[in-house]
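Have a look at the structure, then read on.

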Amino acid sequence: MSLARAVLLRASRSAWLADQFRRRAFARRAVRRFMPGEDVGAALDAAATFAREGIGSVVTALGERVRTPEEADAVRAHYLEVIDSIRARALPTHVSVKLTHLGLDVNEARCLDAVRALAARAAETASFLWIDIEESHYVDATLALYHRVRAEHPLTGVCLQAYLHRTPEDLERVLAAGGSVRLVKGAYREPPEIAYPRKADTDAAYARLAERMLDAAPRSLQVFGTHDLALLERVRASAERRALPEDSWEVHMLYGIRTAEQRALAARGVAVRVLISYGSQWFPWYVRRLAERPANVWFVVKSLVG
Ligand SMILES: Cc1cc2nc3c(=O)[nH]c(=O)nc-3n(C[C@H](O)[C@H](O)[C@H](O)COP(=O)(O)OP(=O)(O)OC[C@H]3O[C@@H](n4cnc5c(N)ncnc54)[C@H](O)[C@@H]3O)c2cc1C
């Protein structure tokens, strides 16, 4: 891991920096590059614009590691409203949630109950509910919860991180249960015993895992969450060789990253969704985006002077 990436990922956990940044106009300007606005209305308006271009979306409210049952309950209530708004506006939009935002650290049973409620509400409109994956110490609890929810609600999927050494086994278990995976490279700071420190190893692991997911794609939706165009081309070519139906796999990218390529892929008949984040708790998430491409720090500097 590069020094710049390590420093940024450490900074992403600073409550002091979060507070300082959130109050600064330049930081709010810079963050706009990766999110259309802080409120859900802005996210759904952006989703409607993408929909007109034939691109689907996934929305997520920023926030993680809540500390009280009241906060967790408010997040659950918020997402239930969001699912209703998506339905009312007839948007091709799914929802993705972080379990620590729904109180995983506070009360696991209540968190499970919340995810069940959201999955049930999403299923009413044949929509999909995604579960993000966070730091490695949350993976066991996240997958245990996912397997329980998936047994009742098939239209649910979980994110897995290619950089973790354990992921091939986790993937096999999810696929054996008929589950859906959104494969990403992994965005957190993890020790080498747990995750590949070298990007090339993560990329190679991603390619291997992607092939296993394509084996399962005729039976369950599989998703490739990456901006790595070389990897995506391998996935596309493999899906074509296998003559997979177009709706059996999707590419998900983040709002504001490789926008032209999102459109180009959709124009080639690939099912593309943009993950749109919103909310005021953007600091840790935003710094993870900077860490993915430390050159992005220059956009922050430009916002400071511009
Ligand atoms: C839909 C989606 C959902 C995700 N969900 C999770 C999750 O639940 N848990 C988790 O740990 N991680 C998640 N991530 C983040 C992921 O783990 C990676 O950190 C992130 O996607 C960067 O890796 P990459 O696959 O794009 O490949 P990279 O090899 O890092 O990037 C490929 C190319 O994409 C461009 N690029 C990548 N990131 C940026 C950026 N921030 N700014 C500008 N250009 C960029 C660059 O041109 C780069 O050369 C998600 C990512 C996506 C797309």
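## The pocket

The ligand takes up the space of the largest pocket. On a 1 Å grid over the protein atoms alone, a pocket is an open set of points with protein on both sides within 12 Å along at least five of seven lines. A molecule sits in one if more than half of its atoms lie within 2 Å of its grid points.

This is a predicted model, where local features need pLDDT of at least 70, side-chain atom pairs count only at pLDDT 80 or more, and totals for chains, interfaces and linings use all residues. Residues are numbered from 1 along each chain as its sequence is written, and side-chain values use heavy atoms, with hydrogens and water left out.

## Who surrounds the ligand

Around the ligand there are 27 residues (a heavy atom within 4 Å), and the closest are K185, G186, K199, T226 and E292. By class, the shell has ten nonpolar, seven polar and ten charged residues; Ala, Val, Leu, Ile, Met, Phe, Trp, Tyr, Cys and Pro count as nonpolar, Asp, Glu, Lys and Arg as charged, and the others, Gly among them, as polar.

β7 (249-254) gives the most to this shell, with three residues. β4 (156-161), β5 (180-184) and α12 (283-292) are also among the elements supplying at least two each. Helices (H or I, at least four residues) and strands (E, at least two) are DSSP runs, numbered from the N terminus.

## Polar contacts

Polar contacts here are pairs of N or O atoms within 3.5 Å. T226 has a polar side-chain atom 2.5 Å from a ligand oxygen, and K185 has one at 2.7 Å from a ligand oxygen. For G186, a polar backbone atom is 2.7 Å from an oxygen of the ligand.

Notes: Polar contact = N/O pair within 3.5 Å; in protein donor to acceptor, adjacent residues only side chain to side chain. 1 Å grid on protein atoms, 1.4 Å probe; cavity = no way out; pocket = protein on both sides within 12 Å on 5 of 7 lines; lining within 4 Å.
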